[in-house]
Amino acid sequence: MHSYATDREQDWACSLGLTRKKRFLCSRSWMRSCLGHLWGMHALDIPLHAPPGSPPSLPSGWGFLSLSHSSGSALLAWSAEPIGVDLERLDRHFAAQALMSRYFLPAEQERLRALDRHAFQQAVLEYWLIKEAAIKWQQGSLAQDLAHWIVEADGLSACHLLSGAQIYAQRRQLGPWGLAIVSARKQSLTDAMICLN
């Protein structure tokens, strides 16, 4: 694989440990490659701004990005409007009951408790995907915003209880991966371009 990391990204990487440095440079190179393919440009000409620990962004007029990492893989989405994505393994083992009790709102818990065991586990993961994607869409934080996003009964929309922000959600399956894409406009979910590595 070609390296499309810029000199600036190489400089940023110098402050990282060896494993994190390699992951950082590979992910930036991969993002540039995806975006270069999208626009028919050389990867190094993409004006990507993605310092360590910050969400990737593009200059005004270039659209919006969202990035998710999970179990050694990454998902990148591009849209002309703000977008959020999250990626998780569908075969992931997790304590669904504990996750729901700790992070989900009473209305969500009531809905989920009515499901059988298999459907319950799947629905908890789907709600989690939507909530994480929504937080990325709003450029918020898990610690501050997770408790304020509620997934609606249709499982295809969510609302932020403090700001009143509303988003539409789309869930997809790509092999062993489940993903959620969210946007304030339904059409953006269809128009979004995604790249999975």
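## Close-up views of a predicted model

Trp39 has a relative accessible area of 26%, so it is partly exposed. The legends below describe a predicted model.

**View 1. An aromatic cluster is formed by Trp39, Trp62 and Trp78.** Five aromatic pairs turn up in a search of the whole structure. In one of them, the ring centres of Trp39 and Trp62 are 5.1 Å apart. The planes of these two rings stand at 85 degrees, and because an angle over 60 degrees counts as edge-to-face, the pair of Trp39 and Trp62 is edge-to-face. Trp39 belongs to helix α2 (residues 18-39), whereas Trp62 lies in the loop between α2 and β1 (64-70), so the pair ties together parts that are 23 residues apart in sequence. Trp62 is partly exposed, with a relative accessibility of 26%.

**View 2. A disulfide joins Cys34 and Cys195.** A search of the whole structure finds one disulfide. The sulfur atoms of Cys34 and Cys195 are 2.3 Å apart. The link of Cys34 and Cys195 is left-handed, with -55 degrees about the S-S bond. Distant parts of the chain are linked here: Cys34 is in helix α2 and Cys195 in strand β8 (residues 193-196), 161 residues apart. Cys34 is buried, at 14% relative accessible area, while Cys195 is partly exposed at 22%.

**View 3. Cys14 is exposed.** Its relative accessible area is 57%. The closest cysteine sulfur to that of Cys14 is in Cys26, 15 Å away, which is too far for a bond.

**View 4. Five strands form an open, antiparallel sheet.** The order of the strands is β3-β7-β6-β5-β4. The edges are taken by β3 (84-89) and β4 (149-151); each has a single partner strand, so one side of each is left without a neighbour in the sheet. On average, neighbouring strands of this sheet are turned by 25 degrees against each other, direction ignored. Helix α5 (residues 117-138) lies across β3, β4, β5, β6 and β7 (177-183). The helix runs at about 145 degrees to β3.

**View 5. Strands β5 and β6 pair in a hairpin.** Strand β5 (residues 157-160) runs antiparallel to strand β6 (residues 166-174), and three bridges join them. Cys159 stands opposite Gln166 in β6, and the bridge partner of Ala158 in β6 is Ile167. Cys159 is buried, with a relative accessible area of 13%. The hairpin has five residues between its strands, and Gly164 takes a positive phi near 80 degrees.

**View 6. Strands β6 and β7 form a hairpin with two residues between them.** Gly175, in the turn, has a positive phi of about 60 degrees. The strands β6 and β7 pair in the antiparallel sense over seven bridges. Opposite Ala169 stands Val182 in β7.

**View 7. The charged end of Arg89 sits over the ring of Trp177.** The distance from this charged end to the centre of the Trp177 ring is 5.2 Å.

How values were computed. Residues are numbered from 1 along each chain as its sequence is written. This is a predicted model: local features need pLDDT of at least 70, side-chain atom pairs count only at pLDDT 80 or more; totals for chains, interfaces and linings use all residues. Side-chain values use heavy atoms; hydrogens and water are left out. Two strands pair if DSSP finds at least two bridges between them. Helices (H or I, at least four residues) and strands (E, at least two) are DSSP runs, numbered from the N terminus. Axes are lines fitted to C-alpha atoms, for helices over the stretch in contact, and angles run from 0 to 180 degrees between N-to-C directions. Contact means heavy atoms within 4.5 Å. Rings of Phe, Tyr and Trp (its six-membered ring) pair if their centres lie within 6.5 Å; planes under 30 degrees apart count as stacked, over 60 as edge-to-face and the rest as tilted. Buried means under 20% relative accessible area, exposed over 50%, partly exposed in between (1.4 Å probe, protein chains only). A charge sits over a ring if NZ of Lys or CZ of Arg is within 6 Å of the ring centre and within 35 degrees of the ring normal. A disulfide is a pair of cysteine sulfur atoms within 2.5 Å.
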